[in-house]
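Open the model in a viewer and keep the selection panel at hand.

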Amino acid sequence: FGFVSDGYAPNEYPSNTDVAVTLEGANCELQWKRFDIEASDNCLYDWVAVTPSGGSPQKYCGATLPPNMQFAGANSVQIALHSDEAVQAGGFEVEFTCEDAVPTPVPPP
């Protein structure tokens with residue numbers, strides 16, 4: 001049990017940013033608490049991507065909380081924030097539970 005955020009609250013996330021956290025643990029569940037990412041069609045500019053091990057990324061943007069998520073069978077889940085050079089917003093915070101979870105920051109590429 002724990003919380004992961006973009007790391008910039010209470011400020012807006014900066015331009016041209018790529019940050020990611022990988023939750024190492026089985027059967028993770030995510031419950032979004034705060035979500036404010038620049039909105040665009042197909043999340044082209046800024047986005048949060050959620051990627052379970054062995055799965056495809058799902059991108060989210062806008063101010064609507066993403067749905068609660070369960071990843072049965074995955075050994076990890078990565079949560080990544082990408083922003084372009086233009087608009088910034090409030091970011092995100094998500095509560096997680098995983099069996100034997102350890103959040104691991106992933107350095108930007």
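Select C28 and C98: their link is right-handed, with 115° about the S-S bond. The two sulfur atoms are 2.0 Å apart, and a disulfide here is a pair of cysteine sulfur atoms within 2.5 Å. This pair ties together distant parts of the chain, with C28 in strand 2 and C98 in strand 7, 70 residues apart. Strands (E, at least two residues) and helices (H or I, at least four) are DSSP runs, numbered from the N terminus. C28 and C98 are both buried, where buried means under 20% relative accessible area, exposed over 50% and partly exposed in between (1.4 Å probe, protein chains only).

This is a predicted model: local features need pLDDT of at least 70 and side-chain atom pairs count only at pLDDT 80 or more, while totals for chains, interfaces and linings use all residues. Residues are numbered from 1 along each chain as its sequence is written, and side-chain values use heavy atoms, with hydrogens and water left out.

Next, select C43 and C61, which form a disulfide with an S to S distance of 2.3 Å. The torsion about this S-S bond of C43 and C61 is about -85°, so the disulfide is left-handed. C43 sits in the loop between strand 2 and strand 3, and C61 in the loop between strand 4 (58–60) and strand 5, 18 residues apart. Both C43 and C61 are buried.

Finally, go to S83, in the loop between strand 6 (76–82) and strand 7 (91–106). Is S83 buried or exposed? S83 has a relative accessible area of 2% and is therefore buried. Display its contacts (heavy atoms within 4.5 Å): leaving out residues up to four places away in sequence, S83 touches Y13, P14, S15, N16, T17, Y45 and D46. At N16, the backbone nitrogen lies 3.3 Å from a polar atom of the S83 side chain.

Notes: Polar contact = N/O pair within 3.5 Å; in protein donor to acceptor, adjacent residues only side chain to side chain.
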